[in-house]
Each structure stands twice: as structure tokens, then as C-alpha cells.
Amino acid sequence: MLSLAEILVGSAVSALSLYLFFELNSRGRHYAPGPRGYPIIGNILDVSPLGPWIKFTEYKARYGNLIFFYGLGNNVLVLNSLKAMNDLLDKQGGTFSHRPAFTVVGELMGLGQSMALLEYGNEWRTQRKLAHMALSPTAVKKYYVVQEDLAVLLCKGLLITPKRFFDHVRLVSSRIILSITYGLTIEAADDEYITHADDTMRMIGKATVPGAFLCDLVPILKYLPSWVPFRRRAEAGKELIERLVSKPFNHVVKEMAQGNAPPSLLQDLFLANSGGELGHQLKWSTGSMYGGALFSGLSNFATILTFIMAMALYPETQRLAQAEIDKIVGTERLPMITDMPNLPYVNAVVKETMRWHPALPLGIARRTSEDSFYEGYFIPKNTVVMPNVWCISAVAFEPNDKYDPQKFIPERFINDSDTPNPASWAFGFGRRICPGKHLAENSVFIQIASILAMFDISPPQKGELKPEFGLNLVSYPAEFDCTILPRSEVKAEILLSRASECKL
Ligand code: HEM
């Protein structure tokens, strides 16, 4: 076992040699611009673990669409334009499709086995193939009924206890994924599956913000003894993640053995692959879909709460969307996913929600597998690349977009066909684009359309509603209050009657 002194000396020497290596190799090569750096630590500590997208966006005016950070042996390239994201993460997918090596979360906690963090290689390809099988646009059609029923149950919750809208949105977000992935029926927000997933996702969300652990910048620190606080946190995290992936997996395996497993994505994958040697991959593939989807659960949570906040702030937009639903869907039933192509204004509200405040403002970072060049700038191998999608939403529509980027205006997607669809960046890019995109788009649409059909949302009776958002990897509205009332007695009755037909 190495002593503490040996480790500290070792890390200083390795940082110094990486710094010298970097300096020597940089001669004659131009890196993208970035804030001023210092010897050894460079400017890497400028990357704040909380809400870095805000500073990256401010930097756009000074440094442009590419910003380079370096130090302690790490390089980070921030992309501040949609063109750069597409050019690099999609068109140069062969070089830009690794994930950053998170020493703590990936290696010490074990999350490195999941699709979202796996190296771009054979094991990732196998998991990805399984995910495509289960989540293709055709395959997700069989989940329409579950998604519609869950949207109805969300509305029922909003009708009975409207003040607890955060809880209802959290419950529906987790229910969708547990029901689809494992066939599990969850009754309440305090179910252990949900509370455990929430705890795990909160921990992962904090731990995957670049720079959250010094050990991610100086990996040799992983050899510190197990009593050091971050190693103890890593042990606790490992246990949380292993239980998150194993518990529902073992549950389905047991139910399948007894012949009474309800339909689920995991069961479909087992039947299609006859389990066996693929067992480990199935466990992690569904586990990472579950993990990814819990992030998405969190993204769904973020998106629906952002929508509720926007409706409270923009009553005229809400009225126009409701009028479209009343005209096309009628007033006798709730919307269905198949109504989607006939509701252009509601679709524009969904797009504007994802633009106004993206759930993942920095996407999920990538890492380069070899040296490359872009627009004359050198990008070294192993550079961590962050698509700052927040910047596209907050700035890049200017100066051509005549609408204020700060305001919630769905018309920008109706009146101007050049406005890019936020789905083209909110779900990522190229080979690692979110495999749950189709499922997620249907979920978000049906929840938003059902809420619009049933409720009037307005600001709180007391106090002012100010849009404020969290600063972690998945960013959602800070606790806020608003008034949610059924649009009429008749609508409330239709809703309750429809809810009584739900099979969940
Ligand atoms: C509103 C909902 C969702 C949003 C905003 C979202 C967004 C994202 C983003 C930005 C990425 C990174 C893509 C990249 O690196 O280019 C991603 C990856 C991923 N998502 Fe989603 N997602 C959502 C829903 C889902 C759902 C429903 C599932 C599963 C059923 C899912 C599973 C995954 C997985 C497994 C990955 C990792 C893919 C890989 O690394 O190859 N997501 N998602």
C-alpha cells in the first residue's frame, strides 16, 4: 500500500509531467481560446461544479463558440454553438464518442459498467443494440396505453391535491420508467423503489459534475486509504448503485421463473436473447436504461415542472393551447398520443418548454479518443467535450430570432421554420444520442397535453412567481407555488371517470 506522502508526491510529479508534456506539445499548435491560466493548475478550476453553463455562456461573447480549459493533466473543450456540436459529436463521431473517465463514479462506484458511461467500444455496442431493440419508434408504440394512463393518474393527483404538484410530477416520472422497464406498479411517491432511486440519482447528479471530486482530476488519489472521506462516499455510492440495478432485475428474474411476470422491457429482452450469457449485459443494459431513464425521469420531472411554471407565467399561451385541444380533441375525452400530429400549437409549447430551460443544460459530456483539429484549433486526445446546450437556448437564436430568448414564446417555432427544434439538441448527438428519445417525447407530450386539457394554471394567490432553477447536472425549478384548478366541473368528472378505467 502506498503511503500518503508517496501519493501526494506522485500526484504532484504526474501533474507536473503532464503540464510539461502539454506545454512542449503545444508548441506550434493552437488551442481554442479560454480564460487565463496558471502553471500546473491552468484554468481548469474556472469550471465550477454548480451551474457552469451560465459562465460558459457569458464567455461566448469573449472567446466564441469554442472555449478551452486545461490544467492538472486535464483538458476540457466547451462547445457553444449547435454547428460545433453537430460537426464534432455527430459528424466526427468516431473520435468524439467516448465518455469522460469518472474515476469516482465510474471506477470506484461501479457506474462505469452502465451504457451511459461505458467506453465507446464493443460492450457499449452490445448494450446499445439491446436498447434499440426495446426503444425504437415502432417498439415504443406498445407503451402508449401505459403512458396515457399514467398521464391520467397524474391529472387525478393534481385534481385531488393540487398543492402537492411537485410530488405528483415526481411520482409519474418514476412510475413510467419502472412500469415500462420492469413491469413494476408503484402506488405512492414514498415507495422504496422511488425513494432509493431519488437518493441514488441525487448522489450521481452531484458526483458527475466535472470537478466534483479532486480524484477525478488527479486519479492517483484513488489509492488513498478507504477511511479518507471521499473513499467512504464512493463505497456508499457503490452500494446504492448496485442495489438500484440489482433489486428490480432480480425481482423480474424471480417473477419470470414463477411464470407470473407482467410484460416489461426486461422480459422482452430476456425472451429475445434467451438470457444466458447476456445476463450481465441485460442487467446493466436495463439498469442503465433505468438509470438513464431515472435521469430522464428527472428530466421528465424537470420538463413538466418547467412547463407548469411557464403556464402560470404566460396565461395567453395557455389559453391558445387549450383552445387548440378543445377544437381538435373535443371536450368529451382526454388527449391521446396519436393526437400529437394534429396539435401543432401544443407541440410548439413542448418545444418551447425544452428550449426555455433545458433539463440537461450541459448535455452529457464526451471524451476524444485521438488528437484532432477543428476550425484550425488543436484538440488533444482525451479532451472532455461539453455541449453547452444552454447557450443555444439562451443566446444563439439571436440576432436572427426576433423573439426574446428569455421569454416563453411557442410562436417562434410556428412562425419561423428556420428555428431549430430543441429535440435536435436536448437528447444529445450522433452515436450516443439518447436511446430513450422516442419514449421520452411521447411521455412529455401526453403529460403536457393532458394537463392543458384539464386544468387552468395561474400564479400563486400570494406573492410573486419568479423563475428560479437548480444548478446540478439535471436542472429543474426550485420549489415554487402556483394555483391549479380544473377548467370545469364537467372536465373533473370526465377525468375521474377516465381514471377509474386505468389498469395500473
Ligand atoms: C426528457 C427526457 C430525456 C432527456 C432530456 C434525455 C437526454 C439525454 C441526453 C442529453 C443524453 C446524452 C446523449 C449524448 O451523449 O449525446 C442521454 C443519454 C441517455 N439516455 Fe436519455 N433522455 C431522456 C429520456 C430517456 C429515457 C426515457 C431513457 C430510457 C428509457 C433514456 C436513456 C438514456 C441512456 C441509456 C443514455 C446513454 C446513451 C449512451 O451513452 O450511449 N433517456 N439522454
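Which protein atom is the single donor to the iron atom of the ligand? In this predicted model, that donor is the SG of Cys434, 2.3 Å away; donors here are N, O and S atoms within 2.8 Å of the metal (3.2 Å for Na, K and Ca), and with water not among the atoms, sites may look incomplete. Cys434 sits in the loop that links helix H17 (423-426) to helix H18 (437-454), where helices (H or I, at least four residues) and strands (E, at least two) are DSSP runs numbered from the N terminus.

Local features need pLDDT of at least 70, and side-chain atom pairs count only at pLDDT 80 or more, while totals for chains, interfaces and linings use all residues. Residues are numbered from 1 along each chain as its sequence is written, and side-chain values use heavy atoms, with hydrogens and water left out.

Turning to strand S1 (residues 66-71), six of its six residues are buried, so the strand is largely enclosed by the rest of the structure. Buried means under 20% relative accessible area, exposed over 50%, and partly exposed in between (1.4 Å probe, protein chains only). Leu66, Phe68 and Tyr70 point one way from S1, with Ile67, Phe69 and Gly71 pointing the other way. In a regular strand, side chains alternate between the two faces of the sheet.

S1 runs antiparallel to strand S2 (residues 74-79), joined by six bridges; strands pair if DSSP finds at least two bridges between them. Tyr70 faces Asn75 of S2. Two residues lie between the strands of this hairpin, in which Leu72 takes a positive phi near 50°.
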